[in-house]
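Hi,

Here is the structure I said I would pass on. Have a look at it first, and then read my notes below.

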Amino acid sequence: KIPIIIDCDPGHDDAMAILWALASPQLEIRAVTTVAGNQTIEKVTVNTIKVLTKACRLDIPVAMGAKQPLVRKLVVGGEVVHGDSGLEGPILPECGFEPSKLTALELLIKTIEESEEKITLVPIGPLTNIAILFIVRPDLKEKIERISIMGGGAYMGNWTPAAEYNIWADPEAAKVVFNSGLPIIMAGLDVTHKAYITREENEILRAQGNEISVFAAELIDYFSRYHYEVEGFPGCTMHDPTAIAALLYPEIFTSVTCNVDVEVSGELTTGMTVVDTIGYKEKIFGEKVDKNTTVLFNVDRKKYVEAFFEAM
Ligand code: BDR
Ligand code: CA
């Protein structure tokens, strides 16, 4: 089993990422930490607990993390996409348990320290908590196997033309994480826009008829409105679940391993992930570059959807 910690801001796609990880025998969620992003820290923490309650997993510790980015003001990303609560649409249960008394940072440290194996981090919101962890306890990096991030995009943004929301929301934190020296998988918009579920396919998921498949179909109903109506996509784009799928089914993705850095001071490009697929620095200037990131570009969508439906 791959031991993971999910750092998230649910969010409909965060919820589906959690459900997919829970369903998978190859993954073991050791802890879930929350970060302000799609909604305020209070709201996303409640949502996380409700999703775990819905899945009857009251045993997984949830700790509340950063209420704002490292140096910038919080700009809540989910008002239009995820609604006022951050998880509008499906009827959710009451919280079945309390958040941990530890902060997200404390729970991250404890979980990593106590683990006998190296931990894989799965951040699917702004990278504030993970950056703070690396700043406060750089020694713990040696106990981290890799980081599977939903964020960024080589060729596109969704919050600005250049930047994806999770990276844009806290670019300084993202810069710390991408320059951490740890191997990163980047499930950015290049691939998440290709990992979509159509309305017709969502009816197949609903028809599976169990509580979780119906819940997932309702999450997709709400979340996909924005993708159809505003973004004009052919289906619900499965952003955050792709960071989980990348760990479970690496063979269904195509990728390039190269250097990725984050723009923090651009006039038009703040929060952009600068993805050097061609290797310019090395080829032209002979500079040694850190191929820090495996950037996912494409996915076998049919296999992706099948695997997700089976998990639900
Ligand atoms: C990211 O932003 C949020 O809306 C989603 O939860 C996802 O993590 C996509 O840009
Ligand atoms: Ca998210």
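Let me start with Val-262, which is buried, with 26 other C-beta atoms within 10 Å of its own. Bear in mind throughout that this is a predicted model. Val-262 is found in strand 9, which covers residues 253-262. Setting aside residues up to four places away in sequence, Val-262 touches Ile-167, Pro-171, Ala-174, Lys-175, Phe-178 and Thr-273. There is also a pairing across the chain here: Val-262 and Ala-163 are 99 residues apart along the chain, and their C-alpha atoms are separated by 9.7 Å.

UniProt, in an unreviewed entry, lists residues 4-305 as "domain: Inosine/uridine-preferring nucleoside hydrolase". In the model, that span is 38% helix and 19% strand, and its end C-alpha atoms lie 22 Å apart.

Now helix 5, residues 128-136. How many of its residues are buried? The count is 7 of 9, so helix 5 is mostly covered, taking 20 or more other C-beta atoms within 10 Å as the mark of a buried residue. The buried ones are Thr-128, Asn-129, Ile-130, Ala-131, Ile-132, Leu-133 and Phe-134. What do they pack against? On the strand side there are strand 1 (2-8), strand 2 (27-34) and strand 4 (119-123), and on the helix side helix 4 (104-114) and helix 7 (171-178).

The packing of helix 4 on helix 5 is worth a look of its own. Their axes are 10 Å apart, at an angle of about 60 degrees. Helix 4 and helix 5 are therefore oblique to each other, and helix 4 passes helix 5 in a right-handed crossing. Helix 4 contributes Ala-104, Leu-105 and Leu-108 to the contact, while helix 5 contributes Asn-129, Ile-132, Leu-133 and Val-136. By class, those residues divide into 6 nonpolar, 1 polar and no charged. If you look at the spacing, remember that an α-helix has 3.6 residues a turn, so residues three or four places apart point the same way.

Is Thr-103 buried, exposed or partly exposed? It is partly exposed, with 17 other C-beta atoms within 10 Å. Leaving aside neighbours within four places in sequence, Thr-103 is in contact with Ala-63, Met-64 and Gly-65.

The crossing is left-handed. On the helix 1 side the contact is made by His-12, Asp-13, Ala-15, Met-16 and Leu-19, and on the helix 10 side by Ile-212, Ala-216, Leu-219, Tyr-222 and Phe-223. Those residues come out as 8 nonpolar, 1 polar and 1 charged.

Finally, two backbone details to check when you have the model open. A cis peptide bond joins Pro-10 and Gly-11, with omega about -10 degrees. Gly-11 lies in the loop between strand 1 and helix 1. The other is Cys-56, which is not a glycine but has a positive phi of about 60 degrees. Cys-56 sits in the loop between helix 2 (41-54) and strand 3 (62-64), and it is exposed, with 12 other C-beta atoms within 10 Å.

Best wishes

Definitions and conventions
Residues are numbered from 1 along each chain as its sequence is written. Chains are lettered from A and ligands numbered from 1 in the order in which they are written. This is a predicted model: local features need pLDDT of at least 70, side-chain atom pairs count only at pLDDT 80 or more; totals for chains, interfaces and linings use all residues. Helices (H or I, at least four residues) and strands (E, at least two) are DSSP runs, numbered from the N terminus. Two residues are in contact if their C-beta atoms, placed from the backbone, lie within 7 Å. UniProt positions are given in the numbering used here, feature names are shortened, and annotations may be inferred rather than shown by experiment. A crossing is left-handed if the near helix is turned anticlockwise from the far one by less than a right angle, and right-handed if clockwise. Ala, Val, Leu, Ile, Met, Phe, Trp, Tyr, Cys and Pro count as nonpolar, Asp, Glu, Lys and Arg as charged, and the others, Gly among them, as polar. Axes are lines fitted to C-alpha atoms, for helices over the stretch in contact, and angles run from 0 to 180 degrees between N-to-C directions. Angles under 35 degrees count as roughly parallel, over 145 as roughly antiparallel, 65 to 115 as roughly perpendicular and the rest as oblique.
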